[in-house]
Structures are given as C-alpha cells and as structure tokens.
Amino acid sequence: MRIESSKEELLAGVNPAASVVETRQTLPILGHLHLTAEGEHLQIIGTDLEVELRATCPVAVAEEGQVTVPARKFLDIIRSLPEAAPIQLSQEGERIQILSGRSRFHLAGLAPDDFPRLEIGDHQSEVSLPQEALKGLLERTSFAMARDDVRYYLNGILLEWTGNNLRAVATDGHRLALMDREVAAAPEEIHVILPRKGVQELERLLGDSEETIEVTFTPSHVRFQLPGITFATKLIEGRFPDYRRVIPEANGHQVVVDRATFQQALRRIAILANRKTHGIRVAVREGTLVLSAENPDQEEATEEVAADFSGEPIEIGFNVDYLQQAIAALPDDQVLLHLWDSQSSCLILPAAQTTPKYVIMPMRL
Amino acid sequence: MSERPRRILHCDMDGFFAAIHRRDEPHLREVPLVVGGDPDGRGVVSTANYAARRYGRHSAMPAATAKRLCPEAVFLRPDLARYRAGSRRLMALLSEFSDRIEPVSLDEAYLELTDRLSSYPSTTAAAEAIRARVRETLGLTVSVGVANSRLVAKLASDWDKPDGLTVVPPKQVPGFLAPLPVRKLPGVGPTTERTLTEASLATVADLRAQGRERLVHLLGRIGGTLHNLAWGRDDCPVGVERARKSLGVETTFAVDQVNLAEMDRILTSLAERVHRGLLTRGLTGRTVTVKARYPDFRTVTRSQTLAEPPAEAEALATVAQQLLRRTEAGQTPVRLLGLTVANLTEAEPAEQLPLFR
C-alpha cells in the first residue's frame, strides 16, 4: 500500500473511526484501525465488536493494499502534523511508514486479515430519513438512558417506527424521555433498542442537514449510511419495559413557567442541593413555583419563579439533575408541568406541543 | 497480678425498624407488622414486630413466606431516613455513658464501662439508666446484656428479649454458657456445627469437656478460638469500630456443587444476607465480588464495580449470577461460594422512587 493525502482529508476519516475504538481492548487488534487503499479511496475501519465505523476518504493511491495501524498513535500523529505538507503512507511488511515534510514515523501494524468485521446478518428492512430528524430524536432523549444498569435493556434507546411515526424512548428507571417525529413510512413496524455507545457515536456523526441517510435494520444490527461514513451497531436483545404504563395522562395540576427563567433558577438552586442525592423541593402555590435546597452543611437556597398555577399548594422532592436535563432538552419557550402529589411522577411537556414528553419520579426527602 | 474484671454492655434494640413504625404510626400498634422487601416479589423480612413474631415471622425470612404465614400482617418497605435518625439519637445517648462505644449496626452497640461508671453505683444501675433513657427519649425498648466480655454480653442481651436486662457476673459465666448450643458461639456456621454434631458435641459444655488439642485437631485454627470462647475467655476490646471496607458472606457446601441453577439460588440467598447486613448498617456498596473455590482449593474471585449500588437484594443477586458465569462453575465442581460488597458508602436517606415497580 502507498498513498498520498492531506491532513484534513485523512482526519475526516481517522477521527470518527478512531472514536469507536475503546481505550482498553480484549484483543490487541481491536486497538487498531484497518486501512484499505483501493481505486481513488482510502477506507478506514474502527470497531469494538459492538459497533463498526467505516470512513472513506479520497486519496491518491500509488499502490493498493491493506494494513492495520494502532488507532490512538495514528490519530495523534496525523493530528499533530503541520497543515500544509502532504502526508504519505507506505507499507513495509507489517510496518507502516508515515512521511510528511521533515517528519518520519514507523508504526507496527498487525495482520490485516485478522481484523474482525461486524457480521450484520441478512438485511430486513431499509428506510431513509433526514439526518436532523434522527439527530433531534436522539438529542432530546439520550440523556435519560441508563448507564451500566444490570437491566441491560435500559442502557440504550428504544426506537419504534410505526406507520409515519418514529419514536425514541429512553429511561434509567427513575425518569423517562419520549419523543415522536413524523417521517416517511417504514415498510414494516420496527422495534429496536440501540445501545448507549451506538447512540453517542450517532449523535456525533449526525448533522442538522435535511439530507437523508439510509438505515438498514437486520434482526441483530442496524446500519446507518451517511455521506462518506457507514456506521453499524449491534442491537440490544431484550424487552424494553412497557413504558406506556408509566406515562401519566395529561390531567394533573397544570403549572406553566417560562423555560429560560426556570432553567436559570434550577442552575442556581443546584449549587446548594445535597451533593450526593441532588434532591431539591419543588413547591407550587397560587402564581408561583418555589424551589428550595438545603445540604448537610446547613446551607440553604430558595428560588421563586412566576408560574401560571391556581389550586391547592403541592410540594414534591426531585433530583435537580433530572429536572435540569429535561428542561434543557425542551424545544419550547414555555414549559408545562403536570403534577399530582409527592408520591407520583410529574409529566413535563413543551406548552404548545405534545412531544417531547418527560416523566420524572419524585424523591422522598 | 489480678486484673479488675471488665464491664461490657451489649445494647440491642427490640425489633428496631418495626418499633419505630409502631411508635410513629398508632394505627400499626396492634397489628402484626413486617418491614422488608416486597411480599409479592423476592425481598426478605428486615424486622418484624413481636405481634408478627408470634406467627413465626422472623428476620431474613423471604417476605413472600412471611405473607403466607400471616396474610393479615401489614407489610412496609424500609424507611431508612427514619431509622438512621433514630440510630443517631440512640448512639448519641449511649455515648453519654461511655466514650468507648462500638456500634455494630443501626440498632446495636457495645459499650465498655470498665473504669467508666461515673456516678452510677454499679454496672447494673448504669444499664438500668440506659434502658430508662432509651424509653423516655426514643419511646422504644432496648435489651441489654452485661458481662465481662463481648461474647457473653451479646449472648446475655438476647437472653431476655424483648425489653430485658441480663447481668452475668464473672463467676456465673461458665454456668451461663454451658447449656447453650454450639452455634450460639461466633464463628460456628452450618459447616462447623455439622462437624461438631458428628463428633457428638452439641453444647458449649460438650466443647469444654474436650481438650483444646482435640478441638484444634477437629476444626483447625478456629478450634483453639472456640475452646477459649467455651470458657468465656474473650478479651476482644471494645473500640470505635474501624471503618468497614466491605461486607460479605460465604458458604461451604456439604457436597460440591455442579448445578449452575442451584448455585444461582445459593447466590440469591447470599445476596439477601449481604443486602440485609448493609441495610442494618445503613450502607450501600458498588463493588460486587463473587468468590468460588474448586475441589482442589484453587480459589478465584470475579468483581464488578457498578455505576450505582444495587438498590435491592435481587439486583445484587443478578450481578452475582453474571459474575459466577465468569468462573469455571458449571464445568468444575464448586465447594465454596462467597459474595462480598465493597466500595461502601453511607446509604442515602433521600430515596429516589422508581418508575417501574
């Protein structure tokens, strides 16, 4: 293999491919990137056996071939080379030489045939949708995913495609985020759980453009075809809990507050919330929403936010992080909260839309 | 040189969790009350009040069994914040009597009164004063054992429970211990008890009749310790408890285990014991370790550190079962299984309610 390219063009492929490589691997080769020079392109593959990213960049190919390079070192070298000088990659057995200006590096590669590929299996259905639609769905729900939960099916996002509606649901068992989006109809109903890592990579890869991406679902995997990049991830096998059961009807005591004002008040109150529990009190009464926090050092804070509310006062404890993350993800200027009592979840919506929906269970303080 | 006899108290609250509910919620006073896991799930009983114990309900019993035995019982989920608050007041009160106090759990502590009687004429008078203060300030009852060692003080507090005071003077220690079954001694678990039973040693008096060498021959190093304990010789000091780093239990099987499903069941019961131990100490931990010993005495451990401490015994059991899959269990017979939780922190009094129940 022998190619020549520029720093910018190489980085466009190396960056995303290296980002899926784990810092600690079970197999040495999983710390490598697989490079293929063919035609007028260099294909770069990174994998952790759960996700796989293939990036293609235009390069000048003098000699076709395949090599592997240690991902982290390769990325660091390319990144730190000067912008202007062209970069040459060439192969000497399993050693890879990088030449640029007056810099010269030799990296130790591994047998390219040993590099594992993700077998995504027979494809089931293929659909396309605008990048920004998928990005929006993930961005407004992914914060509620569980992390390393033994209920492994919570460590990801449920995607449900029924008719023209694509829905994303994430929950860590304490709070839940749901967002619907109208899209082109899928050929058949789809219910899959994208794992956490796949979701995070996708959020990085997806842009705000209306350009469509192709999505292929197989029973065990899903593959996303973006411009210059193919990203595939294993799906989480398992049953997502019946989330419909825990989303209350929108018939609670309604409180409407200004989103920016509420968000700033939450940010200030969080400073004195109990560091471990993150618990704060939310009290609503005629025309006002009162936030209060106290910590074990006997420090206290109170914030009042003008609110559209009339009725009997209600007081509920919440994890301030859960409120902050939900409010930050809301699209509208006005927030509508449905509250019941101190033992029941609250439902948070944009005042003028029915989606996204956030459900948060209270804390017993 | 003859030393002054030590004066040690063991204070053990009576059905602490349930008693707090009964005290604060008058409608619960006359009904059988069980605090613990979900009776429709797989939780275990943490504490039962004495009305419930009449029905055969006791700690560590699966809550579902308790419900079957006594369907009219009121089942409550633990309210750790209240127990912790009660415990703080209890320990504060006890520390007025001695600066040498060693809390064992939320509702249990050792007190050393040697050279610390202050204004009380006798250890018994001090013990009575403690019981009166607990009654007045906490509205709860406590059983107290008084003796010259931790071992006997602990056994004595259990002698006349609930609401009892048992004083064992040094001269009566051998007589007090003699009729007790061997399993009452610390360190005698099911395996040791089985070995002793096979040697026709059922009571502490039986142990005493043996020479130290015989017990060491029978049981190994613990035999020597048991010989001392059987004579009431226990000079363990009472001190402020060193910070606990982990909490674990293990069990040696009568017959080596090969069946994974059976080992899963055993891990579930170990998880319930560890979970209960953490609960009564107001602790939670994030690092779960499973230990397995093979017939050739090779011992392996497998650990996992979780983002959040497992909230229920069931979640702990699930992690333990996953860790078991990373040992040779199933292919190689297993003679011992252990489960430990480390990376301990104080459990949060504020409780986040779950979405899915």
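A polar contact is a pair of N or O atoms within 3.5 Å, of which, within protein, one must be able to donate a hydrogen and the other to accept it. In this predicted model, such a contact, of 2.6 Å, joins the side chains of B:Asp14 and B:Lys161. B:Asp14 sits in the loop between strand E1 (8–13) and helix H1 (16–24) of chain B, and a polar atom of the side chain of B:Asp14 also lies 2.8 Å from the backbone nitrogen of B:Asp163. With a relative accessible area of 4%, B:Asp14 counts as buried, because the cut-off for that class is under 20%.

The buried residues of H4(B) include B:Leu80, B:Tyr83, B:Arg84, B:Ser87, B:Leu90, B:Met91 and B:Leu94. This list may be read against the general rule that an α-helix has 3.6 residues a turn, so residues three or four places apart point the same way.

Turning to chain A, strand E14 (residues 190–195) is mostly covered, with five of its six residues buried. Strand E11 (residues 156–162) of chain A runs antiparallel to E14(A) and is joined to it by six bridges; within this pairing, A:Gly156 stands opposite A:Pro195.

In soluble globular proteins, nonpolar side chains tend to be buried together. Here the largest nonpolar core has 100 residues, and those with the most contacts inside it are A:Leu33, A:Leu35, A:Phe74, A:Phe224, A:Ile280, A:Leu289 and A:Ile348. Helix H6 (residues 320–329) of chain A gives the most to this core, contributing six residues.

How many disulfides does a search of the whole structure find? The search, over all chains, finds zero. As for individual cysteines, A:Cys346 is buried, with a relative accessible area of 0%, whereas B:Cys236 is partly exposed, with a relative accessible area of 40%.

Technical notes: Residues numbered from 1 in each chain as written. Chains lettered and ligands numbered in written order. Predicted model: local features only at pLDDT ≥ 70, side-chain atom pairs only at ≥ 80, totals over all residues. Heavy atoms only, no water. Buried < 20%, exposed > 50% of the residue type's maximum accessible area, 1.4 Å probe, protein only. Helix = DSSP H or I, 4+ residues; strand = E, 2+ residues; numbered from the N terminus. Pairing = 2+ DSSP bridges. Disulfide = S-S within 2.5 Å. Core = buried A, V, L, I, M, F, W, Y, C linked by side-chain atoms within 4.5 Å.
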